[in-house]
Amino acid sequence: MRQGVPFTKSQIEVVIYLYHHQDQVVYQRDLPDVLGITRPMANGLVKHLIQKNAVKLIEDSDDSRLKRIKLMPVVIADIDSQTAAFAKEFNQMEGKMTKGFTQKQRDEFDQLLVRAIKNLEEK
């Protein structure tokens, strides 16, 4: 982040999850299930992210026991600004990895990578 505040791997997972679900309501209570962590761990992550001004909790208007968790605009802006640089670096790396490949080999490689990623995402 621009503020120079380092995040742990677990905190980054929360931030990325929230970033990819900005169009949805995410409650703090949902984090253990979606991230596969314990409730105390989720609560600790949220607490530290609040201290780092990365997220904020918003009381649900229908049920005050529920807390919505939202990314701060500066975090969203930081992620957005890094997307182009990441894509450029990724494309360069992909070019190096597939140097000398035919188009057919590139297509097969892409399919294998997609499959490998799906395997990693399975719980």
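User: Leaving aside its neighbours within four places in sequence, what is Leu57 in contact with?
Analyst: Leu57 is in contact with Gln28, Val46, Ile50, Lys67, Arg68 and Ile69. Contact here means heavy atoms within 4.5 Å. This is a predicted model, in which local features need pLDDT of at least 70 and side-chain atom pairs count only at pLDDT 80 or more, while totals for chains, interfaces and linings use all residues. Residues are numbered from 1 along each chain as its sequence is written, and side-chain values use heavy atoms, with hydrogens and water left out.

User: Which strand does Leu57 lie in?
Analyst: Strand β1, residues 55-59. Helices (H or I, at least four residues) and strands (E, at least two) are DSSP runs, numbered from the N terminus.

User: Is Leu57 buried, partly exposed or exposed?
Analyst: Leu57 counts as partly exposed because its relative accessibility is 34%. The cut-offs are under 20% relative accessible area for buried and over 50% for exposed, with partly exposed in between (1.4 Å probe, protein chains only).

User: And how far is Leu57 from Lys70, C-alpha to C-alpha?
Analyst: The separation is 6.4 Å, for two residues 13 apart along the chain.

User: Ile69 was on that contact list. What does Ile69 touch, again leaving aside neighbours within four places?
Analyst: Ile69 is in contact with Leu18, Val26, Tyr27, Gln28, Leu31, Val46, Val55, Lys56 and Leu57.

User: Now the largest nonpolar core. Which members touch the most other members?
Analyst: Val14, Leu18, Leu31, Val55, Ile69 and Leu71, out of 20 residues in that core. At least two core residues come from each of α1 (9-20), α2 (31-35), α3 (39-51), β2 (67-71) and α4 (73-97). A nonpolar core is a set of buried Ala, Val, Leu, Ile, Met, Phe, Trp, Tyr and Cys residues joined through side-chain atoms within 4.5 Å.

User: Which element gives the most to this core?
Analyst: Helix α1, with five residues.

User: Switching to charges. How many salt bridges does the structure hold?
Analyst: Four. The rule asks for a side-chain nitrogen of Lys or Arg within 4 Å of a carboxyl oxygen of Asp or Glu.

User: What does Lys9 form a salt bridge with?
Analyst: Glu13, with the closest N and O atoms 2.7 Å apart. Both residues lie in helix α1, four residues apart, or about one turn of the helix. Lys9 counts as exposed because its relative accessibility is 64%, whereas Glu13, at 33%, is partly exposed.

User: What about Glu59, which residue is its partner?
Analyst: Glu59 forms a salt bridge with Lys67, and their closest N and O atoms are 3.7 Å apart. Lys67 has a relative accessible area of 27%, so it is partly exposed.

User: And Arg65, which side chain does it meet in a salt bridge?
Analyst: Asp63, at 2.9 Å from N to O. Arg65 is exposed, with a relative accessible area of 71%.

User: Aromatics next. How many aromatic pairs are there?
Analyst: The count comes to two. Phe86 and Phe90 are stacked, 6.3 Å centre to centre with 25 degrees between the planes. Rings of Phe, Tyr and Trp (its six-membered ring) pair if their centres lie within 6.5 Å; planes under 30 degrees apart count as stacked, over 60 as edge-to-face and the rest as tilted.

User: Where do Phe86 and Phe90 lie?
Analyst: Both are in helix α4, four residues apart, about one turn of the helix. Phe86 counts as exposed at 60% relative accessibility, and Phe90 as partly exposed at 41%. Phe101 and Phe109 form an edge-to-face pair, 5.9 Å centre to centre with 85 degrees between the planes.

User: Back to backbone. What is phi of Asn53 near?
Analyst: Phi of Asn53 is near 55 degrees, a positive value in a residue other than glycine. Asn53 lies in the loop between α3 and β1.

User: Last one: where is Asp30?
Analyst: Asp30 is in the loop between α1 and α2. Its relative accessible area is 25%, so Asp30 is partly exposed.
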